[in-house]
Amino acid sequence: MPASSAVSPDRGWKPSGQPFYGTTLLGGQTNNGVLFKIAGSTLEVLKNFCEEPHCADGRVAEGAVVRDSSGRLLGTTADGGAHRGAHRGAIYRLGDSYEVV
């Protein structure tokens, strides 16, 4: 994904000496935002958020990305999630795979 196709960066997180992790509200393959990592000058998309309205995976990332004690990324979305309702959102975790928690 070219960096120009992800828009409206929200918040990011960068521990000292580590890559920068962040989200965008829009853009990416589905135009519903991405979770990304920047290491040096390399941008890597870790997750394109869901295209379908109110999907279980969540869409439209919102808020900061943090790490848990196991090193997995945690974040939230503004839409979708377990209840799949508008404006309910999801809490997600990304370690070896993406999951809604």
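This is a predicted model: local features need pLDDT of at least 70, side-chain atom pairs count only at pLDDT 80 or more; totals for chains, interfaces and linings use all residues.
Reading from the N terminus, then, the elements simply go β-β-β-β-β-β-β-β. The chain has 101 residues, and 38% of them are buried. As for contacts with a separation of 6 or more, 28% are between residues 24 or more positions apart.

Now to how the strands go together. Four of them, in the order β5-β6-β7-β8, make up an open sheet with antiparallel pairing. Strands β5 and β8 (98-100) sit at the edges; each has a single partner strand, so one side of each has no neighbour in the sheet. On average, neighbouring strands of this sheet are turned by 25° against each other, direction ignored. At the β8 end, β7 and β8 run antiparallel and are joined by 3 bridges. Within that pairing, Y92 has V100 in β8 as its bridge partner.

Another antiparallel pair is made by β3 (residues 34-39) and β4 (residues 42-48), which are linked over 6 bridges. One of the residues involved is V34, whose bridge partner in β4 is N48. The hairpin of these two strands leaves 2 residues between them, and G40 takes a positive phi near 65° there.

What about the inside? The largest nonpolar core brings together 9 residues: Y21, L35, F49, A61, V65, L73, Y92, L94 and Y98. Two elements, β5 (59-67) and β7, each give two or more residues to this core. Y98 is worth a look of its own: setting aside residues up to four places away in sequence, Y98 touches K47, F49, D57, Y92 and R93. Of these, F49 and Y92 are also listed in the core.

Is A90 buried or exposed? Residues under 20% relative accessible area count as buried, and A90, at 7% relative accessibility, therefore falls in that group. Beyond its neighbours within four places in sequence, A90 is in contact with D57, G58, G75, T76, T77, D79, G80, G81 and V100. The C-alpha atoms of A90 and R59 are 8.1 Å apart, although 31 residues separate the two along the chain.

Charged side chains come next. Side chains of opposite charge can pair when their charged atoms come close. In this model the count of salt bridges comes to 5. Among them is the one between D68 and R72, at 2.9 Å from N to O; R72 is partly exposed, with 29% relative accessibility. Another links E99 to R93, where the closest N and O atoms are 3.0 Å apart, and E99 counts as partly exposed at 34%. In a further salt bridge, E44 and K37 have their closest N and O atoms 3.7 Å apart. Both ends of that pair count as partly exposed, with E44 at 36% relative accessibility and K37 at 22%.

Terms used: Residues are numbered from 1 along each chain as its sequence is written. Side-chain values use heavy atoms; hydrogens and water are left out. Buried means under 20% relative accessible area, exposed over 50%, partly exposed in between (1.4 Å probe, protein chains only). Contact means heavy atoms within 4.5 Å. Helices (H or I, at least four residues) and strands (E, at least two) are DSSP runs, numbered from the N terminus. A nonpolar core is a set of buried Ala, Val, Leu, Ile, Met, Phe, Trp, Tyr and Cys residues joined through side-chain atoms within 4.5 Å. A salt bridge is a side-chain nitrogen of Lys or Arg within 4 Å of a carboxyl oxygen of Asp or Glu. Two strands pair if DSSP finds at least two bridges between them. Axes are lines fitted to C-alpha atoms, for helices over the stretch in contact, and angles run from 0 to 180 degrees between N-to-C directions.
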